[in-house]
Amino acid sequence: AYWEVHIHEVVAELSSRLLVGMAANVLGSEVLLQELGATPRTFGVQLGAGGAAPLRAGDVVGVAYDQAVFPVSFNIWLNGTLLSTPLPRGLKGEQWPALYLAGCTVDWALGEEHWKFASSCPAGFSALMASRNVLGD
């Protein structure tokens, strides 16, 4: 799957943060109130405030997640440039796109019609889709 996060406002460039990643669907849990990667079955890469890259208004963050390979792959582009990021860990079972925000305002571009850097989308990837049961009922 591929999607984008469009950065609209950064309150304080030195302290604003965006963690973009994945999280398991844990109903009734407060897991999503915590930073991605701080709890089991979540993973996130930080941009801004000492993260993988600075964060500025107007930035476009592209994300590709592939669970069809082992180990799973998770790639991030900033304004069309691939970033070097740590290998994902703890991503088992059904995963959902997740964000953790601190001092910034963003829009998610989940559909292809809203992407600004469609050229970053790897071959064979497309917008998010519903999970499929490959084992049958």
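Student: In what order do the elements of the protein chain run from the N terminus on?
Tutor: In this predicted model, they run β-β-β-β-β-β-β-β. The count comes to zero helices and eight strands.

Student: What makes strand 4 and strand 5 a pair?
Tutor: A pair needs at least two bridges between the strands. Strand 4 (residues 60-66) and strand 5 (residues 73-78) have six bridges, so they pair. Their sense is antiparallel. Take Val61: its bridge partner in strand 5 is Leu78.

Student: What holds paired strands together in general?
Tutor: Strands of a sheet pair through backbone hydrogen bonds.

Student: Which strands form the open sheet, and in what order?
Tutor: Five strands form the sheet, in the order 6-5-4-1-8, with antiparallel pairing.

Student: Why are strand 6 and strand 8 called edge strands?
Tutor: Strand 6 (81-82) and strand 8 (104-109) each pair on one side only. That is what the name says.

Student: Why is Leu128 called partly exposed?
Tutor: Buried means under 20% relative accessible area, and exposed means over 50%. Leu128 has 33%, which lies in between, so Leu128 is partly exposed. The residue sits in the segment after strand 8.

Student: How do you know that Leu128 can belong to a surface patch?
Tutor: Patch residues need over 30% relative accessible area. Leu128 has 33%, so Leu128 passes that cut-off. Together with Trp108 and Leu110, Leu128 makes a nonpolar patch of about 230 Å².

Student: How much of the protein chain is buried?
Tutor: Buried residues make up 40% of the 137 residues. The accessible surface of the chain comes to about 7800 Å², with 55% belonging to carbon and sulfur atoms.

Key. Residues are numbered from 1 along each chain as its sequence is written. This is a predicted model: local features need pLDDT of at least 70, side-chain atom pairs count only at pLDDT 80 or more; totals for chains, interfaces and linings use all residues. Side-chain values use heavy atoms; hydrogens and water are left out. Helices (H or I, at least four residues) and strands (E, at least two) are DSSP runs, numbered from the N terminus. Patches are made of residues with over 30% relative accessible area and no salt bridge: like charges are joined within 9 Å, nonpolar side chains (Val, Leu, Ile, Met, Phe, Trp, Tyr) within 5 Å. Accessible areas come from the Shrake-Rupley method with a 1.4 Å probe; for residues, only the protein chains shown count as cover. A salt bridge is a side-chain nitrogen of Lys or Arg within 4 Å of a carboxyl oxygen of Asp or Glu. Buried means under 20% relative accessible area, exposed over 50%, partly exposed in between (1.4 Å probe, protein chains only).
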